[in-house]
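Q: Can you walk me through this one? I'm new to reading structures.
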Amino acid sequence: MSVLQVSGLSKSFGGVHAVRNVSFAVVAGELLAMIGPNGAGKSTCFNLINGQLTPDAGRVLLEGRSITGLPPRAIWRLGVGRTFQVTATFASMTVRENVQVALLSHARRLPSPFAQAPRLQVAQADALLAQAGMLDQADRPAAVLAYGDLKRLELAIALANRPRLLLMDEPTAGMACGERAALMRLTASLARASAIAVLFTEHDMDTVFTHADRVIVLAGGERIAEGAPAKVRADPRVREAYLGTEALDA
Amino acid sequence: MSATSILLQFLNGLAGASALFLVAAGLSLIFGVTRIVNFAHGSLVMLGMYLAVALSEVVGFWWALPCAALAVAGLGALIESVLLRRLYRAPELLQLLATFALVLIIRDYALWQWGPEDLLGPRAPGMAGAVTIIGQPFPAYDLFLIAVGPAVLGALWLLLTRTRWGTLVRAATQDREMASALGVNQRLQFTSVFALGALLAGLGGALQLPREPATLKVDLAVVSDAFVVVVVGGLGSLPGAFVAALLIAEVKAFCIALGYSKLTLVVEFLIMALVLVLRPWGLMGRMPAPARGPAALEPPLAAPSPRVLAGLCTLLAALALVPLATTGFTLVLLTDMLVFALFAVSLHFISGPAGLHSFGHAAYFGLGAYGAGILALRIGAPMELSLATAPLLAGGGALLFGWFCVRLSGIYLAMLTLAFAQIAWSVAFQWDAVTGGSNGLIGIWPAPWLASKAAYFWLVLALACAAIALLWRALHSPFGYALRAARDSPLRADAIGIDARALQWAAFTVAGLFAGIAGALHAFSKGSISPESMAVARSVDGLVMVLLGGIQTLTGPLWGAALFTWLQDALARGFDYWRAAIGCVILALVLALPGGLGSLGGLLKRQGRA
Amino acid sequence: MLEVRALAAGYGRAQVLFGFDLALRAGELVALLGRNGAGKSTTLKALMGLVPPAAGEVHFRGERIDRLAPWRIARLGLAYVPEERRIFTDLSVTENLEVGRLPRREGAVHWTAQRLFELFPNLGRMRDRRGGSMSGGEQQMLSIARSLMGNPLALLLDEPSEGLAPVIVDAMAGAVLELKREGLCVLLTEQNLRFARRVADRACILETGQLRHQGAMSALDADPALRERYLAA
């Protein structure tokens, strides 16, 4: 069964269709890349899935259960992790504390005002940091991390709720070349090992075609192609849309 | 109420609105372009009043108005180009602290120059009498004032829409970065806008002279009125400020006319609270664009290291021994320091780690103090019970006010906390039967077993230290982690299931509760309470303590509170101009040590290594 | 005219440009191409002083400008049209132009509102319209016109065709060619290859913050493999 099943998703802002009738699915252990030119509706799609926006029409199913219209906090509790295009971490806290907060939230322990947080969930946090290759920096403040390390920290945070689905918005933006491949290899191995479905957007085509299992292409809010990387790459409509020229004249 | 008297009250309200609008318009212009919340704006108004009194003896009243306004404008330009220009990249709170230092310095300058007595201004020559409106006398000068408000609004409107300078100011108010990329000279622009704002403040002050005397207390009173007008009207909107000034002045005038004059102290804050809850960005304001660029980076809030803990314990032990050596004045001072350390730590709890900047924290200090006093004096409860119950009253107040406050953020949140504090203050100031009104309450003494200074000091030491330890512990609990998380990145916090608003509400309540403990302890140590204990100035004192010590550090507020309390005490006893001295210390610290005293250790360490 | 050496820049911890060199001659129109996130917009912002460069040097007409405030750079004759247009929405068309007005400059075309209304006739018909009530294409024209009021010697144009209807893109290309004829030096970023092909002399391809290729626009045109490598999906 698909982990994520999106059907007929639509959203418009002030009469402009940002996303129109988009359907797709992601299965466990799979990396699905969503690509398309600026304004194609990728971010809107992400925000519809994780609850920051409510769709005008369509359904979002997580492991067969509808999560359409739920708030982000509820969707997170059901097992959807997310990383952001511009990293969102807790800058004034150490790397370990960043992950601890997420773990404590998952364990519903946040309201306790007297427990000694520095001693809670340390082993679990370190295990996640080890997975993300960040254990050696656990005691550094997030504010001083290199950008690539911030992305890896985000990944560790996103894994804290043992997600079934991972949404990654431009996971490699702002990273140098070598770092990009490393992060995507890490993501892929985590996805395979824990049977997590991964949906990511990406502008670096090398990253997409090297690491994605499948690719879906959006343009003008609609799905114009979907399939294996090689097939999508050869699709003339995709090439037009991505160059953005003929699409404008159409 | 007859139709005639309604009309006269309406005119009276219009006359009151004019000066208020002038002052608020200046504040709004300055904030729009420079993004600085100018606490010293009321001080410029005060200077305008005093200068006009002084000048009218030389050049006559009518010439004194423009001369005083121009002099204040010149001072404004100087302040901007010498001081504020260095602070545009500093955190918002630091800018606020710097302008507050100016309040202190200007207040003492006026004290030195013109003395502590109120100065009666001259009558306006040619307009000293009254005109008859439908058979009732009405001051001729007030008619002139009524005309001034719309005239200045019109003049400003022309200036802003019909001149190149005004077009550039409107552009910069909207997007100053883009204006700069188009070649708009920002230095010149900021200085001239600040000068114009100061000019309006000075003129607003000078114009009030025939209606009220020049007094030193006008600075903070006027600036909080102007804040209210600007926030109600919407930050950066001149028509909004005009409408808000009219609304507030009219409501005040009718409160007096209908015999509810007691309401005038609080009604504007009620209006503001109502407006902010219904329209969070003011009547004519718009949601502020998200700030461009990353926010100031906060270092991690480390749990005190074993060495620091050992140091603190040693200090605690040393303090516990002090009463054996002396029971004199030192002990009183130390008691005050401990009380204010707790107050500062409770303020730091919400304004630092939780990121909720409160301008009205004294409300909860005062609620605790009054709670203790009322329980002890009016109900006759034993001291122990009063001390235990009073903080709950403060916590209850914070629970109520906090529900509204956590719905806002940034400067709007700060203003709403100020509004609630002002409401609490005016209730204390006016409810004679219960709070003793402006005289306050006297004769609140501790139980016999605590009657000696030493015993009470030990009680304060124990309670304050326990309370501070609890707050610190909470900061390093999952609750505290979540607070910092929600402050650092609301987006990420939401994405990992943190209900930021609920947590912040809880934090606000806890901080209020602990400020209430400090207040109750203070009441019993002084034996009396006055409305001063919850006035704006006390809230600002708290902020100064936190910022002096360093908002980004855990122990900073302790040192800030100790230093500030000591400075206030030492200077106030030996020196008439202690406020100015404190102002200078604050300015020096803001410019030299933007991270506060608490950052000194880290700074020295880094230099030692280099 | 404009020379960039080893420029590095970014936002906070995210580095976007990694040591980047570029030189523009007077009267030249260069297109900076590359996919989303390649660092095109950041390059222009760094040149304009809106993103402080972390390393490297920028020289404009022989003067070093990489440490100057944006308004000082603008007054030296470098103009900038941002991707989001950043029109002053409360101001009218005429007022928006007024904000951009700088004194006449030696060696540069002297633009007046009147001349700009000839270049963009649409704007001339809506002089008193508030910026906020204009369409995207009109805002784009206004943004360009506004920057020309500074009588610049060089113009930085960020994605001039983005989000515009085809007929407006055509008009925009016409206007850009007109500016080139007037002798203005232009550096523009584009994702729309057709637009770039119509106006640019030279193409520079940026990928992950580094310059990967530069050469005549016609060479890129004639080399499908190159386009495939850097631009196509």
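A: One term to start with: domain bounds come from an automatic or database domain assignment. With that, chain A is divided into domain 1 (2-79 + 163-249) and domain 2 (92-162).

Q: Anything to know before we go on?
A: This is a predicted model: local features need pLDDT of at least 70, side-chain atom pairs count only at pLDDT 80 or more, and totals for chains, interfaces and linings use all residues. Residues are numbered from 1 along each chain as its sequence is written, chains are lettered from A and ligands numbered from 1 in the order in which they are written, and side-chain values use heavy atoms, with hydrogens and water left out.

Q: How is chain B divided?
A: Into domain 1 (21-217) and domain 2 (331-535). Taken over C-alpha atoms, the centres of domain 1 of chain B and domain 2 of chain B are 35 Å apart.

Q: And what separates the C-alpha centres of the domains in chain A?
A: A distance of 26 Å, from domain 1 of chain A to domain 2 of chain A.

Q: How many residues of those two are in contact?
A: Contact means heavy atoms within 4.5 Å. Domain 1 of chain A puts in 18 residues, and domain 2 of chain A puts in 15 residues.

Q: What area do domain 1 and domain 2 of chain A bury?
A: Buried area is the accessible area (1.4 Å probe) that two parts lose on being put together, summed over both. Here it is about 1,400 Å², with 64% of it on carbon and sulfur atoms. On the side of domain 1 of chain A, 40% of the area buried against domain 2 of chain A comes from A:W76, A:R77 and A:P163, more than from any other three residues.

Q: How many salt bridges are there between those domains?
A: A salt bridge is a side-chain nitrogen of Lys or Arg within 4 Å of a carboxyl oxygen of Asp or Glu. Between domain 1 of chain A and domain 2 of chain A the count is zero. Over all chains, the count comes to 40 salt bridges.

Q: New topic. What is the sheet in chain A like?
A: Two definitions first. Helices (H or I, at least four residues) and strands (E, at least two) are DSSP runs, numbered from the N terminus. Two strands pair if DSSP finds at least two bridges between them. The sheet is open, has six strands in the order β6-β7-β8-β3-β9-β10 (chain A), and its pairing is mixed.

Q: Which strands stand at the edges?
A: β6 (80-83) and β10 (222-227) of chain A. Each has a single partner strand, so one side of each is left without a neighbour in the sheet.

Q: Which way do β3 and β8 of chain A run?
A: Parallel, with four bridges joining β3 (residues 31-35) to β8 (residues 197-201) in chain A. In β8(A), A:V198 is the bridge partner of A:L31.

Q: And in which sense do β9(A) and β10(A) pair?
A: Antiparallel, over five bridges. A:A219 stands opposite A:E222 in β10(A). β9(A) and β10(A) form a hairpin with two residues between them, and A:G220 in the turn has a positive phi of about 55°.

Q: Which strands does helix α1 of chain A lie across?
A: Helix α1 (residues 42-49) of chain A lies across β3, β6, β7 (165-169), β8 and β9 (214-219) of chain A. Its direction is at about 150° to β7(A). Axes are lines fitted to C-alpha atoms, for helices over the stretch in contact, and angles run from 0 to 180 degrees between N-to-C directions. Helix α5 (residues 147-158) of chain A also packs on the sheet, touching β6 and β7 of chain A, at about 165° to β6(A).

Q: Back to the two chains. How many residues does each bring to the contact?
A: Chain A brings 36 residues and chain B brings 28 residues. Chain A and chain B bury about 2,800 Å² between them, 64% of it on carbon and sulfur atoms. A:R73, A:F90 and A:S92 supply 24% of the area that chain A buries against chain B, more than any other three residues.

Q: How many salt bridges cross that interface?
A: Four, between chain A and chain B. One of the pairs is A:R73 with B:D494, whose side chains meet at 3.5 Å, N to O.
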